[in-house]
Amino acid sequence: MTFNGKYEMESEKNYDELMNMPGLPSDAIEKGHNFKIVMEVQQDRQNFTWSQHYPGGHSMTNKFIIGKECDMETMGGKKFKATVQIKGGKLVADFPNYHQTSEIMGDKLVEISTIGGVTYEPVYKRLA
């Protein structure tokens, strides 16, 4: 399964629950509802470049190789090490206090992230 492509957020489940965890103010949470995050994925066999572009020009890029521990960074700038695997056609990553799967379903990129008992599910539609 190839993940190559450019995707734009189409929908999400449990956004409010996720954003309430760190105690963000309600106006900041509401503002985030209007963000159209664009995800760009470049895959060359086992090598990935995974970029997220946010409104206002902020971007975050992580590069990883399937099965090898790699340095990564969160949206907030926290650095950590993680190993991404492929299981059943899905990318699977266990980060500190965080589990994520990513898979292609038709023309969509579907992510499922579990953080502290909250499951967040953004869906991105393919743009290119």
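1. Let's start with a word you'll need: two residues are in contact, or touch, when they have heavy atoms within 4.5 Å of each other. Take Lys90, which touches Gln85, Thr101, Ser102 and Glu103, leaving aside residues up to four places away in sequence. Before going on, note that this is a predicted model, where local features need pLDDT of at least 70, side-chain atom pairs count only at pLDDT 80 or more, and totals for chains, interfaces and linings use all residues. Residues are numbered from 1 along each chain as its sequence is written, and side-chain values use heavy atoms, with hydrogens and water left out.

2. Where does Lys90 sit? Its place is in strand E7 (residues 90-95). Labels like that are DSSP runs numbered from the N terminus: helices (H or I) have at least four residues and strands (E) at least two. Lys90 is partly exposed, at 30% relative accessibility. On that scale, buried means under 20% relative accessible area, exposed means over 50%, and partly exposed is in between (1.4 Å probe, protein chains only). Between the C-alpha atoms of Lys90 and Gln100, ten residues apart along the chain, the separation is 9.8 Å.

3. Now hop over to Thr101, one of the residues that Lys90 touches. Thr101 belongs to strand E8. Is Thr101 buried or exposed? Thr101 is buried, with a relative accessible area of 14%. Not counting residues up to four places away in sequence, Thr101 touches Lys90, Leu91, Val92, Val110, Glu111 and Ile112.

4. Next, the salt bridges. Side chains of opposite charge can pair when their charged atoms come close. The term here means a side-chain nitrogen of Lys or Arg within 4 Å of a carboxyl oxygen of Asp or Glu. How many salt bridges does a search of the whole structure find? The count is six. In one of them, the side chains of Glu10 and Lys108 meet at 2.9 Å, N to O. That pair links distant parts of the chain, with Glu10 in strand E1 (residues 5-13) and Lys108 in strand E9 (residues 108-115), 98 residues apart. Glu10 is partly exposed at 38% relative accessible area, and Lys108 is partly exposed at 22%.

5. Lys108 has another partner too: Asp107 forms a salt bridge with Lys108, where the closest N and O atoms are 4.0 Å apart. Asp107 is partly exposed, at 43% relative accessibility. Put together, Glu10, Asp107 and Lys108 are linked in a network of salt bridges. Elsewhere on the list, Glu73 and Lys79 pair through their side chains at 3.4 Å, N to O. In that pair Glu73 is partly exposed (29%), while Lys79 is exposed (63%).

6. Have a look at Tyr7 as well, which lies in strand E1. Tyr7 counts as buried, at 0% relative accessibility. Its contacts, not counting residues up to four places away in sequence, are Ile37, Val38, Met39, Val41, Ile104, Leu109, Tyr124, Lys125, Arg126 and Leu127. Compare sequence and space for Tyr7 and Pro25: they are 18 residues apart in sequence and 28 Å apart from C-alpha to C-alpha.

7. On to the core. A nonpolar core is a set of buried Ala, Val, Leu, Ile, Met, Phe, Trp, Tyr and Cys residues joined through side-chain atoms within 4.5 Å. The largest one has 28 residues, of which Phe3, Phe48, Trp50, Phe64, Leu91 and Leu109 touch the most other members. For Phe64, the contacts beyond four places in sequence include Phe48, Trp50 and Leu91.

8. Then there's the largest pocket, which holds about 1300 Å³ of space. Of its 43 lining residues, the closest to its centre are Gln52, Thr74, Met75, Tyr98 and Ile115. A pocket, on a 1 Å grid over the protein atoms alone, is an open set of points where a 1.4 Å probe fits, with protein on both sides within 12 Å along at least five of seven lines; lining residues have an atom within 4 Å of a point. The volume is the space filled by probe spheres set on the points, which are joined across faces, edges and corners. Strand E8 (residues 98-105) gives the largest share of the lining, four residues.

9. Last, a backbone detail. Arg45 has a phi near 60 degrees, a positive value in a residue other than glycine. You'll find Arg45 in the loop between strand E2 (38-44) and strand E3 (47-53), and Arg45 is exposed at 69% relative accessibility.
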